[in-house]
Amino acid sequence: MEKKDWYLEISTQVLSVDVNHIGDFLFEEPEKSFLGNWDLRLSPDSHHAANLLQAVRKLQTSDLPVAFPTETVYGLGAGATRGEAIAGIYKAKQRPADNPLIVHISSLTQLRQLFNLSPGLDKTPLDGFSHDPIPAIYHSVISRFWPGPLTVLLRLPKPSPLAPSVTAGLPTFGVRMPSSRLALALIHLAGFPVAAPSANASTRPSPTTAAHVLHDLSGRIELIIDGGPCQVGVESTVVDGLVDPPVVLRPGGVSIEMLSQCPGWEHVVVGYRDGVETGVPRAPGMKYKHYSPTARVILVHGKLNIQLLTKYLRGCKKAGIATTRTWRVEDLAASGASITQRAAETGRALCCSIVQHGTLDAMHSNGGPRRTLMATHGYERVADGEDSDTVHVVATDLGTSPVSIAQKLFSALRELDMHGVDVIFVEGIGADEGLTAAAVMNRLRKAAELEIQS
């Protein structure tokens, strides 16, 4: 039996849920926020609420995980205390067993209940009680960044109600409260914390749309909630405040500069490497190669030029380019003399096509038209297979700001992959421009086979 035969008979359903049409979020005084106690009153006649409840029932009863959107990327969730369901996450993703999962909560009360806390103590969030299982070092960052893209490490309660495979044998677990109201509603209605890595096949680029999830996990899971594209685009920042000074274990949506402004975090340090690390990972995303499309990824610092392209195009029919700060595909396409000269030297021609970002995905979850801008800039368009000496260059622009690049990076890698490119050149940015830029470069270095200076 082939390795993948186990999931061939599973039918994957995609359900659309608009969080603005599921009902009313009700907050208790005095917090009036998700950090305090809150409830959700569903609209009885809303098909969006009905779809959400269907996903909730799957989380409560099925051993197959449910994919759902967060503000960072789509997650693949299962009840954090349900061992068989957690095993379903590892199986669907084909994820290494020593790679821990992040636990997602909908309230501080839900988190404190993992520690079998008496009911009287979980009423006031971050109140500094001596028996609060949330260490005081985290109070300032939780108050500022939750709900949001920040994961904190806590010591496991004894005995621990979490499934052992959630922590991969570690004495700590990572937990966060997502800011996506759809994710919060799902977890709240399920009634328990949900462990969830990104909803992609292991090592693939993280999914930022339901279509990306379907592409990777169709036939492996039963249900995907389509809540539209994710806003942040890279996973959460993971921090360890149990050591002194506090450490950033994975860069993400909260920058080190922002963390350092919180009391107790003035001396926070970086505790990760951008390459693939060895040993036992303290947090997800630290050890294994991640975020990789099928095509070879080359991370490039410096100017884009013809010599650089042709040097790495041996055996290629299509090449992808992801531009950020200084590369301009129009300049490449306009440099006809250089291309002609280089083609004479190498015996290969380049046909340049420009593709607007976000339009290559044929399975766009919103069902809108595919708006693709194709331009050959004076070169004769050659159909695939018509001329084996022609290399088609497909380019997409990620924008110039770290936030824009982070939002578009994973989607662009997937889209270029779907376009059938053999190699993807990505223009790097400075990792010292804040933690969003650092997160982008961290992901790129884990995806790239090669990093070069042009």
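This is a short chat about a predicted model.

User: What should I know before we start?
Analyst: Residues are numbered from 1 along each chain as its sequence is written, and side-chain values use heavy atoms, with hydrogens and water left out. In this predicted model, local features need pLDDT of at least 70 and side-chain atom pairs count only at pLDDT 80 or more, while totals for chains, interfaces and linings use all residues.

User: How many disulfides does the structure hold?
Analyst: It holds 0. A disulfide here is a pair of cysteine sulfur atoms within 2.5 Å.

User: Is Cys-262 buried or exposed?
Analyst: Cys-262 counts as buried because its relative accessibility is 3%. Buried means under 20% relative accessible area, exposed over 50%, partly exposed in between (1.4 Å probe, protein chains only).

User: Which residues have the most contacts inside the largest nonpolar core?
Analyst: Leu-111, Tyr-138 and Trp-146. That core has 83 residues. Its largest share, 7 residues, comes from helix α6 (residues 181–190). A nonpolar core is a set of buried Ala, Val, Leu, Ile, Met, Phe, Trp, Tyr and Cys residues joined through side-chain atoms within 4.5 Å. Helices (H or I, at least four residues) and strands (E, at least two) are DSSP runs, numbered from the N terminus.

User: New topic. What do the buried residues of α2 pack against?
Analyst: They pack against β5 (74–79), α5 (164–167), β9 (194–195) and α7 (210–217). Among the buried residues of helix α2 (residues 83–93) are Ile-86, Ile-89 and Tyr-90.

User: Which residue follows α2?
Analyst: Gln-94, and its phi is positive, near 55°.

How values were computed. Contact = heavy atoms within 4.5 Å.
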